[in-house]
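Subject: Structure for you to look at

Hello,

Here is the structure I promised to pass on. Please open it first, then read my notes below.

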Amino acid sequence: MNRFAYARAETWSQARDLLGDRRFSLPVLKGGGLDLVDQMKEGILEPDLLVDVRGAGAVGEDGQRRGEQPEPIRMSDRWGRPLVSITPSATLAEIAASPLVRERAAALAQAAESAATPQVRNVATIAGNLLQRPRCWYFRHDEFNCLKKGGSTCFAVDGENAYHAIFGGGPCHIVHPSNVACAMAALGGYVDGFGVPDEARSIEGLFHLPDQGVRTEHNLPAGAVLTHIGVEPWAVSGFHAIKAKQSFDWPLAMAAVGLRVEGGRIASARVCAGAVAPVPWMLPDVAGALVGVSTDDDLAIERACAGAAQGAAPMSQNGYKARLLPVAVQRAVLRALGRLAEELA
């Protein structure tokens, strides 16, 4: 691990200024720092300045310390709409436990609660979870100069690809690792901040496929600082992840849904799949198939979710994901409707 300087930012604008300090060639933001430290140990990232933003909400932009730290999770109006607003430095544990999130954006609370272990959730931040790097072992291993690191080959194509993408078309076949991104996409999530371009403010616009830039996963320019994260409030939403084991493990497939229910039927829906593509993968055809379905017709719900893997292109070892995904979507819908027991999630 390389030597580096460390600084604490008390405001988001201070964090922006530190990132622009020309004395440093590679300054990076640090929230919980879990993925950051992994990247540094693996030799993927060698920053010369870490800017800690965990306290960036405690001091006002005018430099005056507030009497009390502002609520990290609250309702607010932004972009002309009501949002469940979350400070980027809020931890996954805070999000999972928030009564407001559990009531207005249950899928997000469930996604946060499903991530990693209690110890990790107490440290990991929502911004860090959104922007974490992929966990592909070829990318993470220093002996493989893979396509994502500037090489000419995606070793997963002919190698070990059991946990890689079935959607997206390559040329790199990573899966997006964030539970939170999947849930936020289903709930119409937004981000904003210093240097965030308009087209990257929605969660769907925040990330890009490998054929639009294989070295990165998101559309934020260097020096950008997230200051606001939010999701639209949904009375009915749910998340479900299927894992090989329920302890600290990465999902094999996951899904999040937001539903509008009127007169006992689904009036509109948003459906997003995770762990199956390089970006949170929206499923508009499944959402359309759910519209008009009675909320107590489990067979019709199963049929609507059955097409979740349509268009998938599995590789040699990950065809099972095409069978798991419809199950994950169906369970997310049932959980949203309150008919899937917590212990199954």
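Leaving aside its neighbours within four places in sequence, which residues is Gly 264 in contact with? They are Val 293, Ser 294 and Thr 295. Contact means heavy atoms within 4.5 Å.

Before more details, some ground rules. This is a predicted model, so local features need a pLDDT of at least 70, side-chain atom pairs count only at pLDDT 80 or more, and totals for chains, interfaces and linings use all residues. Residues are numbered from 1 along each chain as its sequence is written, and side-chain values use heavy atoms, with hydrogens and water left out.

**Confidence**

pLDDT is the predictor's confidence in each residue, from 0 to 100. The protein averages 92. A score of at least 70 is reached by 94% of the residues. Take care with residues 58-69, where pLDDT stays under 50. For that stretch the model has 17 contacts beyond four places in sequence.

**Back to Gly 264**

Gly 264 sits in the loop between strand S9 (253-262) and strand S10 (265-274). Helices (H or I, at least four residues) and strands (E, at least two) are DSSP runs, numbered from the N terminus. Gly 264 counts as partly exposed, at 33% relative accessibility. The cut-offs are these: buried is under 20% relative accessible area, exposed is over 50%, and partly exposed is in between (1.4 Å probe, protein chains only). Lys 243 is 21 residues from Gly 264 in sequence. In space the two are 32 Å apart, C-alpha to C-alpha.

**Salt bridges**

Side chains of opposite charge can pair when their charged atoms come close. A salt bridge here is a side-chain nitrogen of Lys or Arg within 4 Å of a carboxyl oxygen of Asp or Glu. How many does the structure hold? There are 17 salt bridges.

Start with Asp 52 and Lys 30. Their side chains meet in a salt bridge at 3.6 Å, N to O. Asp 52 is in strand S3 (residues 49-52) and Lys 30 is in strand S2 (residues 27-30), so the pair ties together parts that are 22 residues apart in sequence. Both Asp 52 and Lys 30 are buried.

Next, look at Asp 35 and Arg 140. The closest N and O atoms of this salt bridge are 2.8 Å apart. Asp 35 lies in helix H2 (residues 34-42) and Arg 140 in helix H8 (residues 137-140), so this pair ties together parts that are 105 residues apart in sequence. Asp 35 is buried, with a relative accessible area of 11%. Arg 140 is buried too, at 8%.

Then find Asp 192 and Arg 201. Their side chains form a salt bridge at 3.2 Å, N to O. Asp 192 counts as buried at 8% relative accessibility, while Arg 201 counts as partly exposed at 24%. There is also a network: salt bridges with shared partners join Asp 35, Asp 38, Lys 41, Glu 42, Arg 135 and Arg 140.

**Helices**

Is helix H5 (residues 106-114) mostly covered or mostly open? It is mostly covered, with eight of its nine residues buried. Among them are Leu 108, Gln 110 and Ser 114.

Two packed helices are described by the angle between their axes and the distance between the axes. Helix H12 (residues 298-305) and helix H13 (residues 320-336) have axes that come within 9 Å and cross at roughly 140°. That makes H12 oblique to H13. Axes are lines fitted to C-alpha atoms, for helices over the stretch in contact, and angles run from 0 to 180 degrees between N-to-C directions. Under 35 degrees is roughly parallel, over 145 roughly antiparallel, 65 to 115 roughly perpendicular, and the rest oblique. H12 contributes Asp 298, Ile 301, Glu 302 and Cys 305 to the contact. H13 contributes Pro 326, Val 329, Gln 330, Val 333 and Leu 334.

**Backbone**

Most residues other than glycine have a negative phi, and most peptide bonds are trans. Ala 116 has a positive phi of about 55°. Ala 116 is in the loop between H5 and helix H6 (118-121). Ala 275 has a positive phi near 65°. Ala 275 is in the loop between S10 and strand S11 (281-282), and is buried at 5% relative accessible area. Finally, the peptide bond from Gly 170 to Pro 171 is cis, with omega near 10°. Pro 171 lies in the loop between H8 and helix H9 (179-186).

Best wishes
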